[in-house]
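Hi everyone, thanks for having me.

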Amino acid sequence: ISSRWMIEGIPIFCDGWCREYSVDEIAAHLLSEGELPAFQDFFVEYSSLGEIRAGFYAASIIGYIRNAHGMDELRNLWHSGTEDLEGVLGEDLNAIENSWKNYLRLNVEDDIEVDFDTITEMGCG
């Protein structure tokens, strides 16, 4: 399993925003629209998701790991690679995915409306 998602997700996470939307707002929007695959598929299908979808999904996961598990665990994951995601975080993929979804529910307002068409057409600028 490639760790490309981390290579591309970390800079997007560090930037934090696209237009007026946070990384987590965009990820929550994509999730609610059924535009994001399950975690187990994300790591395998990363390259086929498209730059914006894949990047913001990855960035939101990076933020979740940093907030829920700490920088040391994020660093350990960087060094060990995605293959050891469950070992580094001490949970199976389903539990990690459910925890990430709960993280989004806590950090994103229910009524946020993301203009994803504008992001797709014009980028984050």
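This is a predicted model: local features need pLDDT of at least 70, side-chain atom pairs count only at pLDDT 80 or more; totals for chains, interfaces and linings use all residues.

What is it built from? The protein has 8 helices and 2 strands.

Now the overall dimensions. Along the principal axes, the C-alpha atoms fill a box of roughly 40 × 25 × 25 Å. A compact globule of 125 residues would have a radius of gyration near 14 Å, and this protein agrees, because its value is 14 Å. Of the 125 residues, 40% count as buried. The accessible surface comes to about 6800 Å², and carbon and sulfur atoms account for 46% of that.

Let's move on to helix pairs. Two packed helices are described by the angle between their axes and the distance between the axes.

Please find helix α1, residues 4–15, and helix α4. Their axes come within 7 Å and cross at roughly 80°. An angle from 65 to 115 degrees counts as roughly perpendicular, so α1 is roughly perpendicular to α4. On the α1 side, the residues in contact include Trp5, Ile10 and Phe13, and on the α4 side they include Phe56, Ile62 and Arg66. In total, this contact divides into 11 nonpolar, 3 polar and 1 charged residues.

Stay on α4, residues 51–69, and look at its contact with α5, residues 71–80. How are these two arranged? Their axes are 6 Å apart, at an angle of about 130°, and α4 and α5 are therefore oblique to each other. Ile62, Ile65, Arg66 and His69 in α4 meet Met71, Glu73, Leu74 and Leu77 in α5. This time the residues divide into 5 nonpolar, 1 polar and 2 charged.

Finally, let's zoom in on Leu49, in the loop between α3 and α4. Is Leu49 buried or exposed? Buried means under 20% relative accessible area, and Leu49 has 15%, so Leu49 is buried. Leaving aside residues up to four places away in sequence, Leu49 touches Pro37, Phe42, Ala54 and Tyr57. Asp72 is 23 residues from Leu49 along the chain, and their C-alpha atoms are separated by 28 Å.

That's my tour, and I'm happy to take questions.

Note on methods:
Residues are numbered from 1 along each chain as its sequence is written. Side-chain values use heavy atoms; hydrogens and water are left out. Axes are lines fitted to C-alpha atoms, for helices over the stretch in contact, and angles run from 0 to 180 degrees between N-to-C directions. Helices (H or I, at least four residues) and strands (E, at least two) are DSSP runs, numbered from the N terminus. Angles under 35 degrees count as roughly parallel, over 145 as roughly antiparallel, 65 to 115 as roughly perpendicular and the rest as oblique. Contact means heavy atoms within 4.5 Å. Ala, Val, Leu, Ile, Met, Phe, Trp, Tyr, Cys and Pro count as nonpolar, Asp, Glu, Lys and Arg as charged, and the others, Gly among them, as polar. The radius of gyration is taken over C-alpha atoms; the globule rule is 2.2 Å times the number of residues to the power 0.38. Buried means under 20% relative accessible area, exposed over 50%, partly exposed in between (1.4 Å probe, protein chains only). Accessible areas come from the Shrake-Rupley method with a 1.4 Å probe; for residues, only the protein chains shown count as cover.
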